[in-house]
Amino acid sequence: MSVRVEEVDVESFLDRLKSRGWRDGSSIVGVRERELVPSFFEDVLRDAIRRINRGVFAGLTSEEEEEVLREVFDRLRGDSEVRILQYLKYGVEVYLRRRQRKVTVRLIDYDKPENNLFFYLVRPRFRGSPDNIEPDIVLYVNGSPLVVVEVKRLIEPYSYQEALGQIRRYEMFSPELFRFVQFGVVVGDEERVTPTWPNWAREERDVPAFRWVMKERSEEGRLREYEDVTYILEPRQLLEYIRYFVFYRRERGGGLGKIIARYNQYYAAKKAMKRIDEYMAGGELNRGLVWHWLGSGKTYTMFFIANYFLDRYWDRRPVVFFIVDRSDLEEQHEKVFKSIEEPRFTKLFQKIDSIRELHHRIRVIRESEYLGGTIAYGVYLTTIQKFQRGPRAPETREEMEREVEEFRGGLLDLLMKLGEEYLEWLRREKPGEYERHARELARLRGKARKEYLVWLGQVRGRNILLLIDEAHRTQYGILAAMRKTVFPNALAFGFTGTPVFKYERNTFIEFGYPERGEYYLDVYFIRDSIRDGFTLPLVYHAVGEGEVSREGVRIKLSEEDIRGFIEEYMKNREAGLDVLEQLDPSIYRRVGEYINKVRVFLMNKERIDKLAKYIVERIEEDTEGFKFKAMVVAVNRLACVRFKRRLEKYLVEKYGEEAREWVEVVMTYNYNDRDEEIVSYREELKKRFGTSDMNEINKEIQRRFLEEENPKILVVTDMLITGFDAPILKVMYLDKPLYEHRLLQAIARVNRPYPDKEFGLIVDSVGLLEHLSKTLALYNMLADEEIRKDFEENLMENIDEKVEEFIHLYNSVKDRLSKLVLGGQDASIDLDSLKEELRTKTFDRAEFGQGRRDSPLRLLQGGQRRRG
């Protein structure tokens with residue numbers, strides 16, 4: 001069989017590029033392969049600038065034109081990579097001194113893609129240190145290099161990783177080039193897309209690289225999936241991708257990072273924008289529901305949509321509201337949005353901290369609709385609770401309904417006032433229209449008159465975009481009142497990391513179009529997320545009573561207790577109560593029989609002592625020598641303190657005094673806490689951290705967990721089991737009976753990828769996961785059959801079953817190797833003998849790998865070469 005060389009694979013990829021509309025640039029710029037080239041082609045870009053900016057240069061003298069071009073090229077040569085990306089997207093702003101005005105010089109024509117020049121060069125040479133670099137293919141737009149493609153042999157296993165490593169070296173050797181290059185494409189046994197930016201510090205980087213998956217559904221409804229990175233390289237799509245889906249961001253330590261949209265984020269944002277475009281053009285559909293499995297990057301998906309909407313409809317004064325339902329999610333979103341280097345977005349971004357401020361924003365938006373000088377552009381982040389009148393969430397369905405009515409009352413008062421102010425403006429500016437409304441109001445009485453004033457005060461524009469996170473658990477009465485009463489014509493998209501359950505079908509009514517057959521606008525399954533490497537598989541271990549030794553102390557809940565708890569959970573949920581709050585006796589004294597049994601059982605001091613010792617005995621192995629970190633989820637706040645004390649005791653006994661810094665608690669503290677254990681621990685924390693601000697202490701503990709070696713273990717009960725993103729977290733010791741969305745949210749804390757991390761582990765000491773696995777109760781509650789099947793097959797696996805699967809695979813491989821024949825020669829390998837030789841250090845590597853002509857390794861390598 002002939003040996004395929006890399007050149008064939010390069011030519012094959014070039015053919016794919018040509019079919020997408022790319023031209024060979026060697027004749028355009030007059031260079032040959034491996035010829036030294038500049039970072040960008042100034043003459044080509046100069047011609048493109050003149051072509052694209054005819055309106056800017058019209059009327060300028062030749063001297064002024066040269067002054068503008070000189071300023072543009074000086075900026076391109078000297079400015080940072082962050083500025084370069086802004087120039088590529090929005091142009092270079094130049095001040096004309098003689099005319100005392102600014103002009104914007106565009107480098108790329110996004111409105112008319114055909115007005116740009118798209119070409120590629122094969123193996124151009126760029127200056128570098130210590131060596132020059134020669135990427136296989138570089139894609140240029142108007143003479144600026146925007147994409148680097150590295151190709152390795154398609155038949156060689158893991159060759160894409162070699163190509164990826166090559167791009168990472170290019171970033172170190174020629175950082176100047178990568179001020180312009182926005183992302184890289186690697187082609188080998190797999191194809192991947194990866195963000196790129198200059199590596200001035202020459203540091204090792206762990207940068208993601210992901211597939212680009214295409215999905216097509218046949219007329220018969222069958223889904224076909226295949227990979228094709230050239231889809232995003234098609235010239236029109238490439239321009240859109242760079243403008244709306246590529247951004248720099250500031251990392252936690254202040255360093256620079258880069259985000260580019262993964263295919264699932266891109267497709268969801270494109271579907272949302274298609275709906276937005278149709279609605280803004282006069283269509284009827286103005287909402288959608290997006291479900292992407294937890295950890296798949298939906299916060300960035302929301303950002304991509306919001307930023308695209310802002311830019312596309314800037315002349316229509318767009319307003320965006322990000323709405324979340326928990327303060328920790330609000331903090332997470334705020335950090336993400338503030339870290340992104342997108343000047344227009346970040347300048348407008350603001351967190352709304354009070355109901356009064358929210359009402360003020362509504363007033364400004366309404367006034368902007370009829371006062372020409374008022375500017376209402378805005379990007380706001382707030383919690384759904386800001387739309388409530390009371391200081392706490394309702395505890396019963398009846399109270400919730402009253403809360404909705406009170407909320408509507410507050411908004412109705414505001415809208416009536418806005419209606420009256422609008423009437424006053426009409427009286428001054430448009431007397432005829434005012435008289436018409438005044439006559440109608442004079443005819444109406446009571447409720448009808450109020451409704452008319454509310455109608456006058458409503459924000460009517462279609463330029464309002466609402467992006468609601470964790471839409472399934474939002475209080476629909478309040479949200480619907482906000483949307484329909486204040487913003488009746490707003491766009492609204494709901495996002496959720498967990499799927500909709502059967503009892504939540506109102507989510508589909510609120511965000512989807514079930515009558516049209518649309519339940520979700522876009523979905524991204526667990527299997528896809530794991531396959532694409534965006535999340536890791538989850539495995540669980542159900543703790544057995546025999547594993548933990550102490551006479552007379554039971555660890556797991558009984559099947560009867562679990563069933564009883566679930567039944568009470570469902571009844572309480574239907575009544576609008578938060579069952580998990582009832583597990584804390586400081587909040588709820590009187591609870592149902594099984595809820596009380598569960599919390600008393602799980603708070604038992606002897607049981608916690610026994611379980612803490614068990615965790616300490618296994619944690620080193622679970623975390624692979626503390627290479628990763630762990631979380632303990634306790635039943636309530638008092639149990640958190642007890643776990644902290646007992647874990648610390650046994651860790652110090654086993655590892656010494658240094659282990660005293662390994663465990664911290666993150667939980668809420670109330671000013672009226674009376675339990676002596678909680679109060680004592682709170683005072684201890686204040687002394688240790690030198691502050692009485694418990695929120696600041698919690699934040700500092702989280703920061704240390706994410707950025708420093710210690711703590712290695714966090715003990716939590718409610719905080720951090722949703723929205724906490726810590727890739728180093730691998731193990732969760734679950735000692736709290738979570739259910740439905742809260743269970744899914746919690747276990748997904750350990751599914752984030754991290755170097756050398758192969759899966760997330762949940763150690764279940766309650767017995768709940770084992771029960772759910774046997775009964776399929778959780779899966780059968782899901783509203784969508786395709787999603788139910790995905791969860792049943794991919795949510796999590798029992799680790800004992802995984803071990804059995806590995807043993808079976810190992811025995812199969814061992815049997816095949818013992819009978820191995822290559823090239824007609826015996827190449828058998830006895831793994832048991834080899835293992836024993838390695839253990840006793842009698843293994844001769846030279847004999848095995850190099851010394852004998854008929855050695856198994858030589859025969860294997862020869863066989864690979866022959867197959868190549």
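Helices and strands here are DSSP runs, helices of at least four residues and strands of at least two, numbered from the N terminus. Keep in mind as you look around that this is a predicted model.

View 1. Is Gln 182 buried or exposed? With 0% relative accessibility, Gln 182 is buried, because anything under 20% gets that label. Skip the neighbours within four places in sequence, and the contacts of Gln 182 include Leu 85, Leu 88, Leu 146, Pro 195 and Ile 260.

**View 2. Glu 64 is a buried residue of helix H5.** This helix covers residues 62–78, and Glu 64 lies in it. Glu 64 has 6% relative accessibility, so it counts as buried. Look for the backbone nitrogen of Thr 61, which lies 3.0 Å from a polar atom of the Glu 64 side chain. Which residues does Glu 64 contact once its neighbours within four places in sequence are set aside? They are Gly 59, Arg 98 and Arg 99.

View 3. Side chains of opposite charge can pair when their charged atoms come close. How many salt bridges does a search of the whole structure find? The count is 85. One of them pairs Arg 97 with Glu 67, with 3.0 Å between the closest N and O atoms. Arg 97 belongs to the loop between strand E2 (92–96) and strand E3 (101–105) while Glu 67 is in helix H5, so this pair ties together parts that are 30 residues apart in sequence. Arg 97 itself is exposed, at 56% relative accessibility.

**View 4. Glu 278 and Lys 274 pair up along a helix.** Their side chains form a salt bridge of 2.8 Å, N to O. Why are they about one helical turn apart? Because both belong to helix H9 (residues 263–280) and are four residues apart. Glu 278 is partly exposed at 41% relative accessibility, and Lys 274 is exposed at 52%.

View 5. Arg 682 is buried, with a relative accessible area of 12%, whereas Glu 683 is partly exposed at 33%. Elsewhere, salt bridges with shared partners join Glu 7, Glu 33, Arg 34, Arg 123, Arg 125, Glu 134 and Asp 136 into one network.

View 6. Leave out residues up to four places away in sequence, and Ile 362 touches Leu 411, Leu 414, Leu 418, Val 459, Val 486 and Phe 487.

**View 7. Six strands make an open sheet.** Read across it and the order is E1-E4-E5-E6-E7-E8, with mixed pairing. Which strands are at the edges? They are strand E1 (23–24) and strand E8 (191–195), each pairing on one side only. E1 runs parallel to strand E4 (residues 118–122), and two bridges join them. Find Arg 23, then look for Phe 119, its bridge partner in E4. Helix H8 (residues 235–245) packs on the sheet and touches E4, strand E5 (137–141), strand E6 (144–151) and E7. The directions of H8 and E7 make an angle of about 130°.

**View 8. Ile 701 is buried in helix H25.** This helix takes in residues 694–707, Ile 701 among them. Ile 701 has a relative accessible area of 1%, so it is buried. Val 666 is 35 residues away from Ile 701 in sequence, yet their C-alpha atoms are 7.3 Å apart in space. Beyond residues up to four places away in sequence, Ile 701 touches Glu 664, Val 665, Val 666, Phe 689, Pro 711 and Leu 714.

Note on methods
Residues numbered from 1 in each chain as written. Predicted model: local features only at pLDDT ≥ 70, side-chain atom pairs only at ≥ 80, totals over all residues. Heavy atoms only, no water. Buried < 20%, exposed > 50% of the residue type's maximum accessible area, 1.4 Å probe, protein only. Contact = heavy atoms within 4.5 Å. Polar contact = N/O pair within 3.5 Å; in protein donor to acceptor, adjacent residues only side chain to side chain. Salt bridge = Lys/Arg side-chain N within 4 Å of Asp/Glu carboxyl O. Pairing = 2+ DSSP bridges. Axes fitted to C-alpha atoms, helices over the stretch in contact; angles between N-to-C directions.
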